[in-house]
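Here's a quick briefing to read alongside the model. Have the structure open while you go through it.

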Amino acid sequence: RYTGDDNYYALDRLPAILVNTDTRRLGDWRLLGRAYTRLQAELGYFRQQPENEAITRGAFTMDLGGYEQTLDAHTTARTGLRFRQSWFDDGSAQYNTGFSGELRHAIDGHWNTRIAYDWVSTRGFAPLRLDYGGRAHEVQLQFVRFAPDRSRIELSSGFDFISDSYRDLRLQAELRSSRRSYWRIQGAYSFERSEWWPLLLRYTTASTPVYLDLTARYDIERSKLASVTVDMDWQMGSWWRMEFVGSYSGFTSRIDQADIRLTRDLHCLIAQLTYSKWPNELSFAIGIKAFPAVSRTLGIGATGAYL
């Protein structure tokens, strides 16, 4: 047992007995005449750190999950129900209940809508942190347009009944210009803050011999380019390779990071010439190809890795 501080957590799972079954095996019956139910009974002994508490727990779980019903040619509904009751040797007890529902509707060959509802409740007390549970009560709405190997557009939002607040309205789009290249757009509006989140535009291509990832963030509220980041890896033939990582800040109007590395394959050896804007350093390393020289990871600057 480590006793250096009290800011760690560990749990020893000592011998436990678990019994799993379902209603298909118990007479082939369905709950409410609709879906099979998974059942689990367990009895176990735990030792929790850093309190060094010995806890015995017994529990029963009933899980009715994944029941799907076809309403018509374009609409399906899925429901799930879960109940768990736990007892502990200190006299405490806890039960968890949860319900989930989902309705999907295909508008046409590409557009789909999804409405999802989730409700989770926890009552009682559990001395095991493993059993700590929260609560949830929310509904989500999603519109998706999907064209295989070409594009995917998603518009989503929701409402949290516990905090009485709307979820952010989010737009995500991915457009493929080729099998190895795509554009990605991501934006959101916060109803709570009454403002737009920065708009993200990203282009990625992994075509041979160049990998390029270019990302731009635009601050809609300030009407200003927030940042641009570049990650490039260019295999220049059989012997040469060039890597570049850089970032530009639109708020400071300066280049925050610029790292470039040139690598030469020398058969059994490998040579690297690296320049880093921070800390304005030029370095050279040569080593055996099987055991290359250890050098600083490209793109790690004064404030850590670029984003």
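Predicted model: local features only at pLDDT ≥ 70, side-chain atom pairs only at ≥ 80, totals over all residues.

Residues are numbered from 1 along each chain as its sequence is written, and side-chain values use heavy atoms, leaving out hydrogens and water.

**Overall build**
- The protein has zero helices and 21 strands (DSSP runs, H or I of at least four residues for helices and E of at least two for strands, numbered from the N terminus).
- The radius of gyration (over C-alpha atoms) is 28 Å, well over the 19 Å that the globule rule (2.2 Å times the number of residues to the power 0.38) gives for 307 residues, so the protein is more spread out than a compact globule.
- Along its principal axes, the C-alpha trace spans about 70 × 60 × 40 Å.

**Surface and charges**
- The 38 positive charges (Lys and Arg) and 36 negative ones (Asp and Glu; His and chain ends not counted) have mean positions 5 Å apart, each placed at NZ of Lys, CZ of Arg, CG of Asp or CD of Glu.

- Antiparallel strands E4 (residues 75–88) and E5 (residues 93–106) are joined by 13 bridges; strands pair if DSSP finds at least two bridges between them.
- Phe83 sits opposite Thr97 in E5.
- Four residues separate E4 and E5 in their hairpin, and Gly91 in the turn has a positive phi of about 95 degrees.
- E5 also runs antiparallel to E6 (residues 111–124), with 13 bridges joining them, and Gly98 has Val120 in E6 as its bridge partner.
- E5 and E6 form a hairpin too, with four residues between them.
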